[in-house]
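Have the model open in your viewer, with the sequence panel beside it. We will go from one selection to the next, and at each stop I will tell you what is there.

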Amino acid sequence: MKTYATLVITEKAPGVWALQLNRPESLNALSMQMLEELADAAGMLYDLPEVRALIISGAGNHFMAGGDIRDFHRSLALSPETRKAQYRAVIERAANVLVERLTHAPFPVVSAVRGACAGFGLSLALMADLVVASRSAYFTTAYLNIGLSADGGMSYLLPRAVGAKRAARWLLLAERFSAEEALAAGAVSEIVADDQLEARVMEIATRWAHGPRHALLRMKRLLAESMEHTLEAQLLEEAEAFSACSATEEFAEGVTAFLEKRPPRFPG
């Protein structure tokens, strides 16, 4: 297991892994180092067969307060051409790789959001399959406030979560939204009391870890592809996924457990 300066990765229970942003003194703001480490960590977790579910959270009282302004300020010493090349390189090398690894991860992911969830933090939260927020959480895209456009897949993930017009409002006005507003918009899956956040995401992740792995992955893929497919193409994908699941031990165990009136004990 690798050790990171800005991240903590732990196995919380069999199959349940946690990736925690660990710069609480900076509200877990995204430094260049953290971005590089996030991309590396996502790749490492992607390749670990023992990972059955992943929790993403922030240390302290905040998830992530956007990009590290101090890093941005240091880059102002560079010429505009050099600065442009540097940011383009790090986005393609790390940010885009992180988005692809997390959104296509071979396990379900849940984000546990408390406090600030801004800029890239919102992108990171939306990379998860479910977003659980505490009542103290608040959200903003923030990019326009410092003269930037979106990154981290924000312009892709946000419209799919909240719809095109609401995404335009969030991105073009950079307003701040409460957890309740984010839930109503569709950016958050559910809200819990602050002192229940860890327990709730652990409950979800544990359920996934003991669940039918093949069916979960097929379900994730169907959801991810549905926005790009025609109805006819999606129906074919559903037929393939359903029939493939029916050939697994998970299906046999699920049906048998139901008839025997007991909880299923899925393989693995």
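Select Arg23 and show everything around it: leaving out residues up to four places away in sequence, Arg23 touches Thr6, Asn28, Ala29, Leu30, Ser31, Met34, Asp68 and Arg70, where contact means heavy atoms within 4.5 Å. This is a predicted model, in which local features need pLDDT of at least 70 and side-chain atom pairs count only at pLDDT 80 or more, while totals for chains, interfaces and linings use all residues. Residues are numbered from 1 along each chain as its sequence is written, and side-chain values use heavy atoms, with hydrogens and water left out.

**Stop 1: around Arg23**

Arg23 sits in the loop between β2 and α1; helices (H or I, at least four residues) and strands (E, at least two) are DSSP runs numbered from the N terminus. Is Arg23 buried or exposed? Arg23 is buried, with a relative accessible area of 12%; the cut-offs are under 20% for buried, over 50% for exposed and partly exposed in between, using a 1.4 Å probe and protein chains only.

The term stands for a side-chain nitrogen of Lys or Arg within 4 Å of a carboxyl oxygen of Asp or Glu. Side chains of opposite charge can pair when their charged atoms come close. Asp68 lies in the loop between β4 (64-65) and α2 (69-75), so the bridge to Arg23 ties together parts that are 45 residues apart in sequence. Asp68 is buried too, with a relative accessible area of 4%.

**Stop 2: helix α1 and its partner**

Next, select α1, residues 32-46. With 15 residues at 1.5 Å a residue, α1 should span 21 Å, and its end C-alpha atoms are 21 Å apart, which agrees; the expected span is 1.5 Å times one less than the number of residues. Colour the buried residues of α1, among them Met34, Leu38, Ala42 and Leu45. The buried residues of this helix pack against β1 (7-13), β2, β3 (53-58), β4, α3 and α4.

Bring in α3, residues 80-103. How do the axes of α1 and α3 meet? They come within 8 Å and cross at roughly 35°, the axes being lines fitted to C-alpha atoms over the stretch in contact, with angles from 0 to 180 degrees between N-to-C directions. The contact includes Leu35, Ala39 and Tyr46 of α1, and Tyr87, Val90 and Leu98 of α3. Its residues divide into 12 nonpolar, one polar and four charged. Here Ala, Val, Leu, Ile, Met, Phe, Trp, Tyr, Cys and Pro count as nonpolar, Asp, Glu, Lys and Arg as charged, and the others, Gly among them, as polar.

**Stop 3: Lys220**

Jump to helix α9 (residues 213-226), where you will find Lys220. Lys220 is buried, with a relative accessible area of 12%. Setting aside neighbours within four places in sequence, Lys220 is in contact with Leu102, Thr103, Ala105, Phe107, Pro108 and Asp129. Which of these should you label? Pick Asp129, which forms a salt bridge with Lys220, the closest N and O atoms being 3.2 Å apart. The pair links distant parts of the chain, 91 residues apart, with Asp129 in the loop between α4 (120-126) and β7 (130-134). Asp129 is partly exposed, at 34% relative accessible area.

**Stop 4: Phe177 and Arg169**

Select Phe177 in strand β9 (residues 177-178). Phe177 is buried, with a relative accessible area of 6%. Beyond neighbours within four places in sequence, its contacts are Tyr138, Phe139, Arg169 and Trp170. Follow Arg169 onward to Glu175: the two form a salt bridge, with the closest N and O atoms 3.0 Å apart. Arg169 is partly exposed, at 43%, and Glu175 is partly exposed, at 29%. Across the whole structure there are 15 salt bridges.

**Last stop: Ala142**

Finish in the loop between β8 (138-140) and α5 (154-162), at Ala142. Most residues other than glycine have a negative phi. Phi of Ala142, however, is near 70°, a positive value. Ala142 is partly exposed, with a relative accessible area of 21%.
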